[in-house]
Amino acid sequence: RLLFAALRAPNARDHALLASAGPAQWTAVAVLALKHRLGPHLYSRTDLPIPPPVLAQLQPSALACARRFSLLRDALIELADALAARNVEVIVLKGLY
């Protein structure tokens, strides 16, 4: 329940739940988030009272996600440039934009 509260748009009920969570609960949430590949999203929630040791646990997955996105973005730019050189219009429908 805490993971869902941490990942969705904040509301008053979730705020109380998140504020009352202790370090052990946040550690369990981080483990669950990493298991379901949600670590980068949880790490990005700077508005949450996530303890620094838990943020440190989430940081590697967030950095890996950022690196992957950067590589994909660079590949898309290279591909779009190559297609544009051949007068082929590119429309990115989903993902990188």
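Which backbone oxygen does the side chain of Arg-45 reach? The points below begin with that residue; the model is a predicted one.

1. Contacts made by the Arg-45 side chain. The backbone oxygen of Ala-6 is reached by the side chain of Arg-45 at a distance of 2.5 Å. A polar contact of 2.8 Å also joins this side chain to the side chain of Asp-47.

2. Setting of Arg-45. The residue belongs to the loop between α4 and α5. Arg-45 counts as buried because its relative accessibility is 12%, and the cut-off for that class is under 20%. Apart from residues up to four places away in sequence, Arg-45 touches Ala-6, Leu-7, Arg-8, Pro-10 and Ile-50.

3. Asp-14 has its place in helix α2, which spans residues 12–20. With a relative accessible area of 2%, Asp-14 is buried, since the class requires a value under 20%. When neighbours within four places in sequence are left aside, Asp-14 is in contact with Ala-5, Arg-8 and Ala-9.

4. The largest nonpolar core. This core holds 16 residues, and the members that touch the most others are Leu-18, Trp-26, Leu-42 and Leu-48. Two or more residues are given to the core by each of α1 (2–7), α3 and α5. The largest share, five residues, is that of α1. In soluble globular proteins, nonpolar side chains tend to be buried together.

5. Which residues does Leu-48 contact, leaving aside its neighbours within four places in sequence? They are Ala-6, Leu-18, Trp-26 and Leu-42. Ala-6, whose backbone oxygen is reached by the Arg-45 side chain, is therefore also a contact of Leu-48.

6. The largest pocket. The space in this pocket amounts to about 160 Å³. Its lining consists of Leu-34, Arg-37, Pro-40, Ser-61, Cys-65, Arg-68 and Phe-69. Helix α5 supplies the largest share of the lining, with four residues. Sorted by class, the lining has four nonpolar residues, one polar residue and two charged residues.

7. Arg-37 is found in the loop between α3 (23–35) and α4 (39–43). Although Arg-37 is not a glycine, its phi is positive, at about 60°. Is Arg-37 buried or exposed? Arg-37 counts as exposed because its relative accessibility is 73%, the cut-off for exposed being over 50%. Arg-37 is also one of the residues that line the largest pocket.

8. Asn-87, a further residue with a positive phi. Asn-87 lies in the segment after α5 (52–85). Its phi is near 60°, a positive value in a residue other than glycine. The relative accessibility of Asn-87 is 75%, so Asn-87 counts as exposed.

Methods
Residues numbered from 1 in each chain as written. Predicted model: local features only at pLDDT ≥ 70, side-chain atom pairs only at ≥ 80, totals over all residues. Heavy atoms only, no water. Buried < 20%, exposed > 50% of the residue type's maximum accessible area, 1.4 Å probe, protein only. Core = buried A, V, L, I, M, F, W, Y, C linked by side-chain atoms within 4.5 Å. Contact = heavy atoms within 4.5 Å. Polar contact = N/O pair within 3.5 Å; in protein donor to acceptor, adjacent residues only side chain to side chain. 1 Å grid on protein atoms, 1.4 Å probe; cavity = no way out; pocket = protein on both sides within 12 Å on 5 of 7 lines; lining within 4 Å. Points joined across faces, edges and corners; volume = space filled by probe spheres on them. Nonpolar A, V, L, I, M, F, W, Y, C, P; charged D, E, K, R; others polar.
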